[in-house]
Structure formats: structure tokens, C-alpha cells
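Here is my notebook from a first look around. Come along and check each stop for yourself.

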Amino acid sequence: MNQTILRIAVPSPLYRSFDYLPPASVATNALQPGSRIRVPFGRRKAIGILIEVTRQSELEHARLKRALEILDAEAVLSSDILAMTQWASAYYHHPIGEALATALPILLRRGRDVPDAREPGWRLTQAGVQVDLDTLSRAPRQAMVISRLRAHPLGAPRAALEVPAEVLRSLGKKGWIEPCTLEDAKVAAVSDASTPHTLNAAQQTAVDAVTTSLKGFGAFLLEGVTGSGKTEVYLQVIDTLIGQGHQTLVLVPEIGLTPQLVKRFSSRFAVPLAVLHSGLSDGERLSAWQQARSGKALIIIGTRSAIFTPLARPGLLVVDEEHDSSLKQQEGFRYSARDLAVWRARQLDIPVILGSATPSLESLFNVKHQRYQHLVLPNRTGAAGLPSYEILDIRKLPLEHGLGNPLLKRIAHHLDHDGQVLLFLNRRGYAPTLVCHDCGWVAECPRCDARMTWHQREQQLRCHHCGSQRPVATSCPECQSTELRPLGQGTERVEQALAEHFPGVERLRIDRDTTRRKGELARHLEQARTGQARLLLGTQMLAKGHHFPKVTLVGILNADQGLFGTDFRSSERMAQLIVQVAGRAGRHDRPGQVAIQTHHPDHPLLQLLIRQGYPAFARAALAEREAARLPPCSHIALVRAEATQQSLPMAFLEQVRQHCEAAGETGVELWGPIPASMERRAGRFRAQLLLQAARRAELQQLLSGLVRQLEQMKEARQVRWSVDVDPADMF
Ligand code: ADP
Ligand code: ZN
Ligand code: ZN
């Protein structure tokens, strides 16, 4: 009994790995954990990841199947990624096979070879770097190649460009691109290399704190008001790392933030930089992944899933806007990229910087308990002061499409004085719903417990929860009245009101509806940044991390949604949003003003926020969490279930509750099950059970036993269920 056995994670919803015999005639020393292996799986073939080579199996040898083929001579998942993903699979209670598949670029999941670094590709020439893309509006494929290559200063393989060869040939003839092999580390020279700023004292302290501990693990929370020079701190720390030949991985929450950051990094450093986000083609993703893995790219910028990028010579991890909930995956493998970054840094024994103007209460809690070192940048750089806040009480005021007269007056004033105005409303479409003035009928989604949003331009009702849409009827389906009226405001409606009030002023609306097409978001953001559009209106897309140096007034049309949300994080989110949007004002030399419309001008948290700022707000909010024993002062997980039949999710979760009780884990409290706050979504009824514990270990122990039982339960097959550890939202 001295047989070699391969323990393999195969993508499947099962919470376990599978044992196989090695393929015939494969030398055991060719078997590296982290390699892909093709195996027979049920009636199909699948590509799994080798987790370990062992000599023991729970199955008898005679029952073990033989693996078919080893796809990699060298492991595709480095040992640190393998370890992190295994840990995450256990911590978030997600099947190991699916978790490991998440860690791989899609083309590798499908069996494509790891690209050869000597593969031929193309890169921009100096002339290509400077081409004005607007001149290429008649040649969109050429423009696309140029803009893709700008994100790959190292060059990109042919396949990643996805255009016919003649497009590349004509760009080559124009002298804008040139062939290269991806092994060449030469980078197209950077035209506008920016010079580092002389740091102020707080920045210097921050940079020193990190650079003196580059040799080991350390977690730093860099808290700095917007415009205080956080990015400059990252840049100067990275400068030291580049000098040592070490790589930095930078995570950002939004794909929209990457171009801005890429520009800043690539104008500072003439080193290879790779970008990873969901807007890339599969080929581009694979090539960026390869450049990170080979160690060629010294800076890697990416969204959430980039935390799984292998790094040949890791030196630093940075999580920008660490408070942002999009760093947590909300479906499937529900990991937090921020928390994994801290885990990975510890394991790699390198520092990690979490940066934000409005840190999460989780990170502040970790500072309080001395797990993270707090680095604070209290002031804006240069002449720009912090914006001044003003609360506009809109009780009893007539509102014109959501705009009160005091706000309209302030907008007019700023426009008259050469200012730029940014208005924020977290609701796209024309109106949140349509109501019949005669009988009170409202347009409800047939598949959700929600109202349908009226989109006027398309003359459609759309559900923002399930995507259903239908044409707007001209008369009420209940009473045939034609008095159908919009109820409430969306950005489309406010935009119309602005057009009437401020004719001739160039406007720009930025929300999901106006940025659907590729490249549109980047173009809009650029117009906002240059100040060309003087009246900006948008949803939270506008609130995040962008620099609009000319904005002098920020108007928040409705702060009340956040004050009374059902989630225990509603007020934290509202405060972060207000401070983030406000941070867009007055970043240059002109002071900014922030005007907040609300029906609750005396709300204590709102008052605290605007009088004493985010740190004071956060202290109070944390004290409330402590008193209520809510996260981060306790640990929670949600078991969710949904089904088309209303009674099933509750019945299933009742059983789950009984299993939990039977486990006798006294340290875990159970709340529910209860129906979700929007019970029906996309035709499915939803319910949830909340598990809460003072200590993480007890919660983890209970969940580990539980998922194994759930797999076996017959009721589990009648519902869709999931486990969410450290859920970012409670629905
Ligand atoms: P944050 O990331 O905190 O929003 P940035 O790093 O983007 O802040 O800095 C805001 C602006 O101030 C940028 O235009 C940046 O170039 C400039 N800046 C940063 N540090 C300094 C400094 N020490 N002196 C002068 N200007 C600075
Ligand atoms: Zn009616
Ligand atoms: Zn719906």
C-alpha cells in the first residue's frame, strides 16, 4: 500500500475534494500542488487543481479513478495563493473546487496553456502614447487597440487585442505601435513623468512608518481626508519597493477608479504595470495575470478579484477605499478582498496599507485593539481647506422635482461665480415609481416586492432588482384614468428640472444608464474633471474617489434614505457617502461648500458628522455597535434561502435552526428565520437566519458542521441556500 494519491479540488458545489490515482506513467516529482489536472468527474471530464499528494485515501484503492492528464509542468497557483484560497474556502464556507476556480483567469479554468512570456505581442511607440484618441473616432478598432495598449505599457499579446491583423498592420505603418515580445522589459518611455511632492509632516510620518517595516508583516490604516495626499503616500512607499525590485498589488473597489490611478502611477514610474478588472477581455486578463506572476509587472492595479493574482516578488499590498462594500463579493464565493489582503500580507510577511477618508468601523475597531497601526493625514494638501457643510431643512418647502429653493439659489450663485456644481442622488431613472392620481394604483414589479422605476426617455417601467421591464401604459390598469404621475425623483427627472432652470449651462449626468457603453464612463469622468460640464449630476458612481478639481458646490438631494435604512450599517454608509461626495468639493484652491437637503435636520448622527467630522461620527457609531453587540463588536453570518414557493425557505431555515441548536454551541445566538426585507425578488421568496457570536471561533465551528449537514438535507434540495460570513449587507 504505497500508492501515490492525488487530492484534487474539482469545480462543483460539493464541500470536499476528490482523490484520484495519478495518470499512468507520470513521474511523481512532476506533481506539484497548484497544477491543473484533467480528471473524469461523473459523466464528464473536468479540470481540477491538485491540492496535495498523499498516500492515504478514505476510499479503497480499487474504487479510485485515474486522473487523465497533467496540464501544467509548473503550478499555476503559487503556494501562497493556494493556501489563501484554501483558508478562504474554509472561512467563508464555500466549496473548495469553486473557490480555487475563482482564483484562476477564465481561460486557464478552461484549459488554455499558460502564455509564454516570449509570445509575440504589440506595444505602443512614443508616438502612439501621444495619439489623441478623439482623432480616431472613425476608426474605433484602432482607437480600441491604442487604449488597450495604454493599459499595458509592457505590450500585450496578439490574442488579447482581438482585432484582425490588418488593423494592427495599419497602426504599425502609422508608427503608433510596434511588435515586441512580452519578455522585453523595456517600457514605452513615459512622456509626462511627474515628480514626487515634498511630503508634509503627516505624510512623511506615514511613509516612514511603512518603509521602515518593509521586511515584515504590518497592517496600516491610512486615514486621510479626501485630498490629503494618501495616493502620494502610496507612491512614495512604492518608489522604495521598485528600487528593491519588489511588486505592489493595489486593490480598488471600482473599475471606474482604475484608469485614474493607472494614469497617476504610470506618469510617476516608468515601470511595467498590469491592470486587472472585469472590463478586460479574457485574453487581456490572462496576459496581465501572467505579467504579475512572472514578476515583470512591478505594479498591479485591480478590483476585488485581483487579490488572487500571483506575485513573483511581492513587497506590498494596498487596499484603496477600504471601507467600500464592493470589496466584498456579494454572491457565490462571498470573500472580502480587504480581509484577504490582510491575511495574505501576514502570510507573505509584508506590509499592507488600507486607505480611506472614511474608514470602516471594522478597521477602526482593529486600530483600537492595536491590530492595525493608525496613520492619519488630518489636512488637505496645498491651499485647499476642508469644505463647509450646510444643512438645508426641506420640511414644508415646495420642492421642484426634488430641488428646494435654497439649493437652487446656491447652484445659481456658484454657476454665476464660475464654479462647478455636483449634485448627488442615489436613484437613477425618472421617478422611483408611477402612481395613479385617481385611484392610487402604483406600478409594482410583477416578480418582486418592489416598485418599478419610470424611465422616461425609453418610456419604460424597469425593476432595478430583477431587470423586468415593460412599456409605460397611458392609462391606469385599475381605473383607466389617464392621470398617471411620477412619484419621487430619479436623476433623469432632476436633470430635466436643471435644464429648465439653468438653460445654456452644460450638464452631465453620470449613472448606470448614461455609462452603459464601453468607454462612456471614462469619457464622462474626463469631462467632469476638466470642468467642461459645469453642472454634474449623478449616483454613487460620482461619489467614489474621483478628482474633480473645479467643483465648488456639492448638493446632496436626499440624505434621508441613509438615516432610516433597515440595515445596521445604513448610517455608516450614509456618513461615508456624504463625506466622500463632499470630498469632491474644493479640492483645488477654492473652498468648497456642501449643501445637504433633509427632512431631519436635527438627526444626531448627521449633526455630529457635519459639526465634528467623520472621526467623531465613527467613534459614536462604534459605541452604538458595542452597546448593541453588532459587528465589529461581534461576529455574524447569514444563512439565506430562496425558492419559488413561499413556505419553503422559512421551513428550510427552521430546520437549519434546529440543527444549530442541536450542535449545542452555546456561544452562538440565533435570530430568525425571518423573511427578507424585500421578500420576493425575481419571482423567488427569500428568508434568512442570522447567527451571531462574541467569538469568531465558535461561529466558525458551528458553520463547519452545519454546511456538511446542509449538503445532506433533503429540504436543502428544494431551495437555493447560501452562507455569508461577515455579510456586507443584511438582505
Ligand atoms: P488623496 O489620495 O488623499 O485624495 P492625493 O494623493 O490624490 O490625495 O493628493 C491630492 C492632491 O494633492 C493631488 O493633486 C496631489 O498631487 C497633491 N499632493 C499630494 N501630496 C502633496 C504634497 N506633499 N504637497 C503638495 N501637493 C501634494
Ligand atoms: Zn387608477
Ligand atoms: Zn423586479
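This is a predicted model: local features need pLDDT of at least 70, side-chain atom pairs count only at pLDDT 80 or more; totals for chains, interfaces and linings use all residues.

**Entry 1: Glu 362.** I then looked up where Glu 362 sits, and found it in helix 13, which runs over residues 361-368.

**Entry 2: Ser 571.** From there I moved on to Ser 571, which belongs to helix 18, residues 570-582. Ser 571 has a relative accessible area of 17%, so I wrote it down as buried. Which residues does Ser 571 contact, apart from neighbours within four places in sequence? I listed Gly 562, Leu 605 and Phe 617.

**Entry 3: helix 8.** I turned to helix 8, residues 201-211, and looked for its buried residues. They are Gln 203, Ala 206, Val 207, Ala 209 and Val 210. A rule I like to remember here: an α-helix has 3.6 residues a turn, so residues three or four places apart point the same way. On the other side of helix 8 I found Ala 201 and Thr 205 exposed. What covers the buried residues of helix 8? I noted that the cover includes helix 9 and strand 10 (218-224), along with strand 14 (314-320), strand 15 (351-356) and strand 16 (373-377).

**Entry 4: ligand 1.** My last stop was ligand 1, and I asked how many residues surround it. There are 16, and the closest are His 197, Gln 203, Thr 231, Arg 264 and Thr 381. Helix 9 (residues 230-243) gives the largest share of this shell, three residues. By kind, I sorted the shell residues into ten polar, four charged and two nonpolar.

I then looked up some polar contacts. An N or O atom in the side chain of Arg 264 is 2.7 Å from an oxygen atom of the ligand. At Lys 230 a polar backbone atom lies 2.9 Å from an oxygen atom of ligand 1. Finally I checked the cover: on its own ligand 1 has 560 Å² of accessible area, and the protein covers 77% of that.

Technical notes
Residues are numbered from 1 along each chain as its sequence is written. Chains are lettered from A and ligands numbered from 1 in the order in which they are written. Side-chain values use heavy atoms; hydrogens and water are left out. Helices (H or I, at least four residues) and strands (E, at least two) are DSSP runs, numbered from the N terminus. Buried means under 20% relative accessible area, exposed over 50%, partly exposed in between (1.4 Å probe, protein chains only). Contact means heavy atoms within 4.5 Å. A residue is near a molecule or strand if one of its heavy atoms lies within 4 Å of it. A polar contact is a pair of N or O atoms within 3.5 Å; within protein, one must be able to donate a hydrogen and the other to accept it, and residues adjacent in sequence count only if both atoms are side-chain atoms. Accessible areas come from the Shrake-Rupley method with a 1.4 Å probe; for residues, only the protein chains shown count as cover. Ala, Val, Leu, Ile, Met, Phe, Trp, Tyr, Cys and Pro count as nonpolar, Asp, Glu, Lys and Arg as charged, and the others, Gly among them, as polar.
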